[in-house]
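Work through the exercises below with the model on view. Each task is followed by a solution in steps.

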Amino acid sequence: MKLPIGFKIAAIVLVIYTLIAGLLMPVPTLAILNETIRNLYYHVTSWFAMITMFIMAFAYSIAYLNTQKEKYDTLAKIFVQVGMVFGIIGLVTGMLWARFTWGSY
């Protein structure tokens, strides 16, 4: 599956915007969170991305079992690998946020 160049450019622009906006735009001032609330832009979205990747892997795994096409098995494997990366990012950002918010990992 080859994505059109427009999707790739849009993805790059959105990632750059998220990095810049997440670090520089104003955030709500809450007593316990202070500036650590910025981490939630990355922490929460990482978990949502992980769940989405695993759902796609599940769907392609079922498609593979129904059709025995290697393409579906390869896609399921790729979605699981990317989902694991997002899961690790979500775990690390959650630990960092907890450290600065509550004082413990």
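**Exercise 1.** In which helix is I20 found?

Solution. The model is predicted; local features need pLDDT of at least 70, side-chain atom pairs count only at pLDDT 80 or more, and totals for chains, interfaces and linings use all residues. Residues are numbered from 1 along each chain as its sequence is written, and side-chain values use heavy atoms, with hydrogens and water left out. I20 lies in helix 1, which covers residues 5-24. Helices here are DSSP runs of H or I with at least four residues, strands are E runs of at least two, and both are numbered from the N terminus.

**Exercise 2.** Classify I20 as buried, partly exposed or exposed.

Solution. Buried means under 20% relative accessible area, exposed over 50%, and partly exposed in between (1.4 Å probe, protein chains only). The relative accessibility of I20 is 46%, so I20 counts as partly exposed. For the chain, buried residues make up 28% of the 105 residues.

**Exercise 3.** Describe the secondary structure and the spread of the chain.

Solution. The chain has three helices and zero strands, in the order α-α-α from the N terminus. Its radius of gyration is 18 Å, well over the 13 Å from the globule rule for 105 residues, so the chain is more spread out than a compact globule. That radius is taken over C-alpha atoms, and the rule is 2.2 Å times the number of residues to the power 0.38. Along the principal axes, the C-alpha atoms fill a box of roughly 55 × 35 × 15 Å.
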